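Please look over the structure below. The report that follows covers strand pairing and model confidence.

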Amino acid sequence: MSKLLKILGRSVSISAEWILIFILFFVFAIRSSFVQTHIGSYATSYFSNELKAELYVGAVDIALFDKIYIKNVTINDRKNHQLLFIEELKIEMDQNALFQEEVILSKVLLNGGTLNINRDAQNGVANFQFLIDYFASESDEPTKKGTFKIQQLQIDDLAFSYDNMGAENRGYGVDFNHLELNGFGLLLNDFILDGSDVRANIEGLRFSEKSGLELSDMSTKLHVSNQQIKLSSLKLSTKQSVIDIPLFELNYNQWSAFRDFEDSVDFNSILNDAQVALNEVSYFVP
């Protein structure tokens, strides 16, 4: 009997050792970028089939519960045209907020990429609508509201285009139905999304538009709610203009007021000394 107990004890000991070795191997393997990239490829293959659109991820590197690094992400729309491309995306998370209602990202860095948005000429449906439809909740129960924060967001060298295919092209100036921005850059601190309220400190915004308009730098404190869009300490610099606006407000009762902007939206602004080039103003004049 004692001999049998010794054999059982040794078997349990050996099994425990092998389980421990397997756990350690799994931890190191899952930490490997090679393994994570392969898992990412299986995930993108699954979502490609689910969404009926092509997804691709070049490389994935995740430090558990802390940092995420993704490279060469491509999402195509259902017509197989490129919707989104991200060259590099780095995300650092706040571990203390993982088990709370709020989600806090301490730093997000997006370096290089393209975002192409368009609306169908026949029905006006956006090319990203299939993503909204897929991830929309099927439950009638109200979703639990939480707070989403990004302590610092930095975007460098992003190209953005918006094309309303059912609208005619303007011959001159900024055409809001056919926008094309290049060299888009943004430095944003303390972004907070709390229900319908959005707050952020924009430290630097820049881009060049196909019309010839170039925004060299823009900084402001932004607050958006269901009844107001407020910009404080707004400063704009272009190639030829420098504008200082301590306060800029749009007040309304609901978002639908923008359909009748002149009669339903109240405008309030304070303008300090400014240098405005009229040829740049002409980009916005029909």
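S208 has E214 of β8 as its bridge partner. That pair belongs to the join between strand β7 (residues 197–209) and β8, which run antiparallel and share seven bridges. Strands here are DSSP runs (E, at least two residues), and helices are runs of H or I with at least four residues, both numbered from the N terminus. Two strands pair if DSSP finds at least two bridges between them.

This is a predicted model, in which local features need pLDDT of at least 70, side-chain atom pairs count only at pLDDT 80 or more, and totals for chains, interfaces and linings use all residues. Residues are numbered from 1 along each chain as its sequence is written, and side-chain values use heavy atoms, with hydrogens and water left out.

Eleven strands form an open sheet with mixed pairing, ordered β1-β2-β3-β4-β5-β6-β7-β8-β9-β10-β11. Its edge strands, β1 (55–63) and β11 (266–270), each pair on one side only.

| Strands | Bridges | Direction |
|---|---|---|
| β1 and β2 | eight | antiparallel |
| β2 and β3 | nine | antiparallel |
| β7 and β8 | seven | antiparallel |

A59 has K71 in β2 as its bridge partner. Y69 stands opposite K90 in β3. The β2 and β3 hairpin has five residues between the strands, and N80 takes a positive phi near 65° there.

Now confidence. pLDDT is the predictor's confidence in each residue, from 0 to 100. The protein chain has a mean of 83, with 79% of its residues at 70 or more. Confidence is highest in strand β8 (residues 214–224), at 96, and lowest in helix α1 (residues 2–31), at a mean of 49. Where pLDDT is low, the predicted coordinates should not be read in detail.
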